[in-house]
Amino acid sequence: MTSDISTAPLAAPKPALPSTRELAMGKRIWLATRSSPWFLLGAGLFGLLLLMALVSVFVFQVDPTKMNFVDKFTPPIFSEGANPAFPLGTDQLGRDMLSRALVGLQITFLIGLAATALSFVIGSAVGLYAGFVGGKIDQLLMRVVDIQMSIPPIILAITILGLARATPALVIAVLVLATWPNYARLTRAGALAERGQEYVRAARVLGASDIRIILLMVAPVALPPMAFAAVFDLARMMIFECVLDFLGIGLQPPTPTLGVIIADGRKYLINAWWIAVLPGVFLMLLLLSLNMMGTALERARNAVFEGAK
Amino acid sequence: MIATFSFLARRLSQGALIVFLAALIVFTLLRVGPGDPARMLAGGLSDQASVDALSEKMGLNDPFLVQFGKYVGGIVLHGDFGQSYIRSESGLSVGGGHGDDQTRSDRADVLSLLGSRLPLSLGLALAGLGLALLVSAPIGIYAGLRAGKWQESLSIMGSSLLVSMPSFWIAGLLVLLISIKLKWLPAVGYEGPRYLILPAIVLAIEMAPIFIRTWSSAISSMTRRDFVRVAPVRGLGQRQIFSRHVLRGAAVPFINTLGVMLTSLIGSLLVIEFVFDFPGLGKLTVEAVLQRDFPLVQAIAIIISAFFVLVNIAVDFVSGLFDPRLDY
C-alpha cells in the first residue's frame, strides 16, 4: 500500500488547466467540469429522468390514483403473469406503478429544485452580506446561523411537520429552513476573503454602493465554487423529502410521492416486492445522477483551486 | 494548557447559550401549534371543568415565559425533563419525587424513558459506525494512494452508487433478500444481538461511502504536498512518510467528517429504527412526534442539540491535536 508514495509525488504533477488563468473562476470550473465523463454521464441520466417526469404529464393518460381492482398486484413486465398495459405492474389497489412512480419523480423534482434554489439564494444573500459588511451585523447573523445549525434538521422538520398538515409549500419551507445556514457559512467565508481586495476598495473609491459591489463583483467570484455543494444538496433535499413522506410526517397519501409509495409497498414486500422496490430504483438513479455531477464539479473546483496556488 | 482551558471554557459557554436558544425555539414552536395537552390527557369525554383544572395544575395557564422558566429551572436544578403526556410508567423505573401529585405520578418520567431506550440506539450506532469505519478506511486510503488510476475511479463509482441508495429503500431490499427470501437474519423488533445486524449494515451502507471519499481525497491531496514529496530526500522511508505525514495530515479531514457523521447519525438512526421497528431512541422520537408528546419531543431536541454542540467542540479540539497549525 505504501509503495506508491514515492512514485506518485515524483511523477509530473498534472498541469493546471492551461491558458485559463485570465478566465473567471466560474468559467474555469465549468470548463474543467464539462469535459469530465462523470459529469456527462450524470447529466445525461438526470436529463433523461427529468424528461420522463415531464413527458409523463402529457403522454400518459393513466391516472396514477385510478384504482382497478381486477388488475391489482400485477407483477412488472419481466416476470410471470405480467400485463403489458402496466410495465412496472400495479399495486394493492390496481394502480399503475409506472405512472405513480413518474408522478412521484415529478414531485421530488419540484420540491428538491425549489428548496435548493431558495436555500441557495437566502443562504448566500445572508452569507455574502455578513461576510462583506463584517462587524456587529456579521456577528449577529452568524450567531443566528449557529443556533439554526445546532437544531438537528430532522428534529426541526418533525417538530414543524408534527404540528401542521404537510403541504408541498410547507415541506419546501422546512427543507429551506434546515439548509440555508450551510450556504450562509460557505459564502461568508468567500465574501470575507474578497472584501479586503484591491478591486473592492477601488470600487468603493469610485462610489459604488455595497449592494452593487456584492452583486456585481463579489458574488460572481464567491458563488461558483459552491455549485458543487448545491448539486449535492439537491440530492440530499430529495432524500430528505422522501424520508419525511416515508415516516408519515411529510406529504400524505393518496399523493403518490416516492416516499409514500415505498412506505405503502413495504406492507406487501412478501407478495408484491415491486411496489416498494421499483420506485426506489427511480429515486436511486436520480440521486446517482446528481452525485456524479456533484463529484465532477467538486473535483474540477479542487483542481482549479490547487492549480491556482 | 491555559490556552486549552480558555478554549474549552469559551466554547462551552457559547455552546450552553446555543442550546438554551435552541430549547427556547423548540419550546415556542410546540406551544404555538394546535392541540391542547390537558384535553388530550384528560381524555376526549371529560367535561370542560376537569380539563381546565388539569390545565391549571400542569401550569399550562401560566404566561409563556413562566412556563419556559419553570421548565429550564427543572432541567438545570433537578435534571428533571418533565413527564411524558402519553406514556405511563408501567414497566419503567421512575425516580421518586412527584408521589403527592396524582396527575403526574402515573406518567413516565421523560429522562428514564430516554434512558431505557438509549442503550439499544447506542449499540446500533456503534455497530454501524464501527462497521463503516472498518470497511471504509482500507478502501479509501488505498484509493487515495492510487489517485488518478482506475482504483480511485472504481472507489468513486462505488461510493457514488452506495450514497445514492436511500436507507429506507435499501433496508426494504435487504429485508426482502436476507430475511424473507434467505431467512438468514431477523428483521423486525429486538430480541437479541442478532437483531442488530441488518440495521447496522444499513447504517454502515449510509456512512461508509462518505468516509471512503474523505479518506481518498484527503490522502491523495496529502501525497501532493511539498513536504511529502521532498520527504524521500530527507531520507525518510515510505512507511515513515505514510504514517507520520500522509496519514497524520489526512486525519484532520477525517475527524471533521467523523464529526459531521456523528451529528447526522441521529437522523439516520431515526429512519432506520423506524424501518426495522427497532425499539431505540429514534423510534421513540418518531412516535413522540406523531402522538404529540411534547415533553418527550422537547427533551429529545434539547439533548440532541447539546450533543451537536459537544461534538463540534470535540472535533475542533481533536483536529488541533493532530495539526498544531490549526487555531482552535
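What share of the contacts in chain A with a separation of 6 or more comes from residues 24 or more positions apart? In this predicted model, such pairs account for 72% of those contacts. Chain A contains 12 helices and 0 strands, and its order along the sequence is accordingly written α-α-α-α-α-α-α-α-α-α-α-α. The chain has 309 residues, of which 51% count as buried.

Helix α11 of chain A spans residues 258–265 and is mostly covered, with 8 of its 8 residues buried. The buried set comprises Leu258(A), Gly259(A), Val260(A), Ile261(A), Ile262(A), Ala263(A), Asp264(A) and Gly265(A). Helix α10 of chain A covers residues 227–247 and includes Cys242(A). The relative accessible area of Cys242(A) is 0%, so this residue is classed as buried, the cut-off for that class being under 20%. Once neighbours within four places in sequence are set aside, the contacts of Cys242(A) are Thr108(A), Leu258(A), Gly259(A), Leu283(A) and Phe168(B). Two of these partners, Leu258(A) and Gly259(A), are among the buried residues of α11(A), and Phe168(B) belongs to chain B. Between the C-alpha atoms of Cys242(A) and Leu175(A) the distance is 12 Å, with 67 residues separating the two along the chain.

The interface between the chains brings 56 residues of chain B into contact with 48 residues of chain A. The size of an interface is often given as the accessible area lost when the parts come together. For chain B and chain A, the buried area is about 4,900 Å², and carbon and sulfur atoms contribute 76% of this value. Of the area that chain B buries against chain A, 14% is supplied by Phe168(B), Trp169(B) and Gln238(B), more than by any other three residues. Phe168(B) is also the residue of chain B listed among the contacts of Cys242(A).

Polar interactions across the interface of the two chains were counted separately. There is 1 salt bridge between chain B and chain A. A salt bridge links Arg299(A) to Glu152(B), with 3.3 Å between the closest N and O atoms. The side of chain B that touches chain A consists, by class, of 38 nonpolar, 11 polar and 7 charged residues.

Chain B is itself divided by the domain assignment into domain 1, residues 2–112, and domain 2, residues 114–322. The C-alpha centres of the two domains of chain B are 33 Å apart. Domain 1 of chain B gives 29 residues to the contact and domain 2 of chain B gives 26. The area buried between the two domains is about 2,300 Å², with 68% coming from carbon and sulfur atoms.

Across the interface of domain 1 and domain 2 of chain B, 1 salt bridge is found. A salt bridge also joins the side chains of Asp316(B) and Arg11(B), at an N to O distance of 2.7 Å. On the side of domain 1 of chain B that touches domain 2, the elements giving two or more residues are α1 (2–32), α2 (37–42), α4 (64–78), β1 (83–88) and α6 (110–145) of chain B. Helix α1(B) provides the largest share of this side, 14 residues. Divided by class, the side comprises 21 nonpolar, 5 polar and 3 charged residues.

Backbone geometry was also examined in two loops of chain B. Most residues other than glycine have a negative phi. Lys183(B), although not a glycine, has a positive phi of about 55°. Lys183(B) is placed in the loop between α8 (167–181) and α9 (194–223) of chain B. With a relative accessibility of 64%, Lys183(B) counts as exposed. Asp277(B), which is not a glycine either, has a positive phi of about 55°. The loop that holds Asp277(B) runs between α11 (238–276) and α12 (281–290) of chain B. Asp277(B) counts as partly exposed, at 37% relative accessibility.

Conventions. Residues are numbered from 1 along each chain as its sequence is written. Chains are lettered from A and ligands numbered from 1 in the order in which they are written. This is a predicted model: local features need pLDDT of at least 70, side-chain atom pairs count only at pLDDT 80 or more; totals for chains, interfaces and linings use all residues. Side-chain values use heavy atoms; hydrogens and water are left out. Contact means heavy atoms within 4.5 Å. Buried area is the accessible area (1.4 Å probe) that two parts lose on being put together, summed over both. A salt bridge is a side-chain nitrogen of Lys or Arg within 4 Å of a carboxyl oxygen of Asp or Glu. Ala, Val, Leu, Ile, Met, Phe, Trp, Tyr, Cys and Pro count as nonpolar, Asp, Glu, Lys and Arg as charged, and the others, Gly among them, as polar. Domain bounds come from an automatic or database domain assignment. Helices (H or I, at least four residues) and strands (E, at least two) are DSSP runs, numbered from the N terminus. Buried means under 20% relative accessible area, exposed over 50%, partly exposed in between (1.4 Å probe, protein chains only).
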